[in-house]
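Visitor: I am new to reading protein structures. Could you take me through some features step by step?

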Amino acid sequence: MKELSEVLRDWEPVIGLEIHTELTTLQTKMFCGCRLSHDDEPNTNVCPVCLGMPGALPVPNKAAIQSIVLAGLATNCDIMRHSMFYRKNYFYPDMAKNFQTTQGPIAFCMNGWLDLEVSGPGSRERADDVTRDEDGGYVARVGIERIHMEEDAAKMVHVGGVDGRIDGAEYSLIDYNRAGTPLIELVTKPDLRSPEEARLFMEKLRQIFLTLGISDCSMENGSMRCDGNVSLRRRGTERLGTKTELKNLNSFKSLHDGLEYEIRRQAEVLEEGGVVYQETRHWETSTRRTLVMRTKETADDYRFFPEPDLAPFDLPDAFVEEVRGRLPELPDARRDRYVATFGLRRADARQLAGDPAVAELFEQVMAQAKPELARTVANVIINDLTGVLNAAGQTFATASLTADQVRGLAELLASDAITSRQGREVAEAMVQTGEDPARIVDERGMRQVSDTSALAPIVDQVIAACPDQVAQYRGGNAKVIGYLIGQCMKASRGKGNPKLFNQLLAERMA
Ligand SMILES: [Zn+2]
């Protein structure tokens, strides 16, 4: 198969996403009062409604509808005042009712959009049909067709097969605790043009939903899941090609790599004169390829019809306005505020603003710190702590870092008391032991020496030991000072202040 970059010269990918998000922060299920929990003993949070017993009647969860309206407002959707639930009929043990209650042609939220800022190497995945900034980045507006409300099915575990699939499994287990979990499905317009844009859309949506507090958005645990549609057309043509649907794109990496593989596969099929079939394919992470699951069903197969047990919805203005009043500051607005208030670089501000736990920590630190410390605090969080926490299997939400610790570390770095390399070591110790950074520095004897009288003898010693380099420097090779600073650092066992060494060396060799 050709490389993606080669394929993209002749073909334009047309990609749409369907993203399911469980509203995990709610207390109860969508149409009954059963408790929502992923961790309880299987089949303990069940009742006649979510087990589909004859005669059991659903009652909609108001908090779930508030959550979906919140999601719609945050993604620039129109909130539809009149909508209703439908039955999507199918026969499979993961839905005891034999139908899923979902929404029909009109969903609670319609016609939204999000702007994606695409930069870095991933921005090269899109052909040059966009206006780029000086760094090659661009902004792509992605339309949102709708966000509708539905309920999740039971969780099935297939035992004995490959990759947890039903093919070749010996038996299957069903946990109805998940049946009836409030689920929102967001469908984008086919506006995405590269795997990177798809990945960024998912990332941005996850940041928004986390900020809204409507879900834990865990792709690992399946509370946020993504399917993709992709088709190809010759560059310069308008007509859409036949699309395939990709399942199991359940990490940012799978989403990107699965789409990339499928684009390359379709290009090969089309270039060899073959036909792309409308079918559902499974991204197999272990072999890094997509496999046919089934040929595509149509809406008729599901015999959609209005749910007779639930009255149509009329959302009053007061309800929508009450929800609007609860909208928190969204990641884009927060990013702009960080740039304006703290003078952060845009990319740093975006990273801090994207995760509510990180943003909260940053703001707690800045509430006590001088404004000029902001860039150092951002660096500590992004470059030191993020990596250290990842390596320790923690996140900013689970770690017990305090604002005082982070501010302390930033102050040590900003005052040149420690080097940036030592800063990383202190960050590690802070996460492991929970100790105060100043104490860690003292205990480990790490304090950087910034005392001229202590450093001058080292400088003299290095100048005496390196006559060749000194001659080169005096002969006009200014770069060689880097080598001499390195020698001084070595002689001071990493504790000398490199800026001061630089200054002293330059003075002595002038
Ligand atoms: Zn129930």
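Guide: We begin with handedness: a crossing is left-handed if the near helix is turned anticlockwise from the far one by less than a right angle, and right-handed if clockwise. Helices (H or I, at least four residues) and strands (E, at least two) are DSSP runs, numbered from the N terminus. In this structure, α2 passes α5 in a right-handed crossing. Please keep in mind that this is a predicted model, where local features need pLDDT of at least 70, side-chain atom pairs count only at pLDDT 80 or more, and totals for chains, interfaces and linings use all residues. Residues are numbered from 1 along each chain as its sequence is written.

Visitor: At what angle do the axes of α2 and α5 cross?

Guide: Axes are lines fitted to C-alpha atoms, for helices over the stretch in contact, and angles run from 0 to 180 degrees between N-to-C directions. Helix α2 covers residues 62-74 and helix α5 covers residues 317-324; their axes cross at roughly 70° and come within 9 Å. As for wording, angles under 35 degrees count as roughly parallel, over 145 as roughly antiparallel, 65 to 115 as roughly perpendicular and the rest as oblique. α2 and α5 are therefore roughly perpendicular to each other.

Visitor: Which residues of α2 and α5 meet?

Guide: Two residues are in contact if their C-beta atoms, placed from the backbone, lie within 7 Å. On the α2 side these are Q66, V69, L70 and L73, and they meet V320, V323 and R324 in α5. By class, the contact of α2 with α5 has 5 nonpolar residues, 1 polar and 1 charged. Here Ala, Val, Leu, Ile, Met, Phe, Trp, Tyr, Cys and Pro count as nonpolar, Asp, Glu, Lys and Arg as charged, and the others, Gly among them, as polar.

Visitor: How do α9 and α11 cross?

Guide: Helix α9 (residues 374-391) and helix α11 (residues 420-433) cross at roughly 50°, and their axes come within 9 Å. That angle makes α9 oblique to α11. Their crossing is right-handed. From α9, V380, D384, L385, V388 and L389 take part, with G423, R424, A427, E428 and V431 from α11. This contact of α9 with α11 divides into 6 nonpolar, 1 polar and 3 charged residues.

Visitor: And what about α15 and α16: how far apart are their axes?

Guide: The axes of helix α15 (residues 481-491) and helix α16 (residues 498-509) are 10 Å apart, and the helices pack at an angle of about 120°. α15 and α16 are therefore oblique to each other. I481, L484, I485, C488 and M489 of α15 meet P498, F501, N502, L505 and A506 of α16. The contact of α15 with α16 has 9 nonpolar residues, 1 polar and no charged ones.

Visitor: Now for strands. In what order do β4, β5 and β15 lie in their sheet?

Guide: Two strands pair if DSSP finds at least two bridges between them. The 3 strands form an open, antiparallel sheet in the order β5-β4-β15. β5 (99-103) and β15 (305-306) are the edge strands, each pairing on one side only. Strand β4 (residues 85-89) is joined to β15 by 2 bridges, and to β5 by 5 bridges. Y86 stands opposite T102 in β5, while its bridge partner in β15 is P306. R87 has F305 in β15 as its bridge partner.
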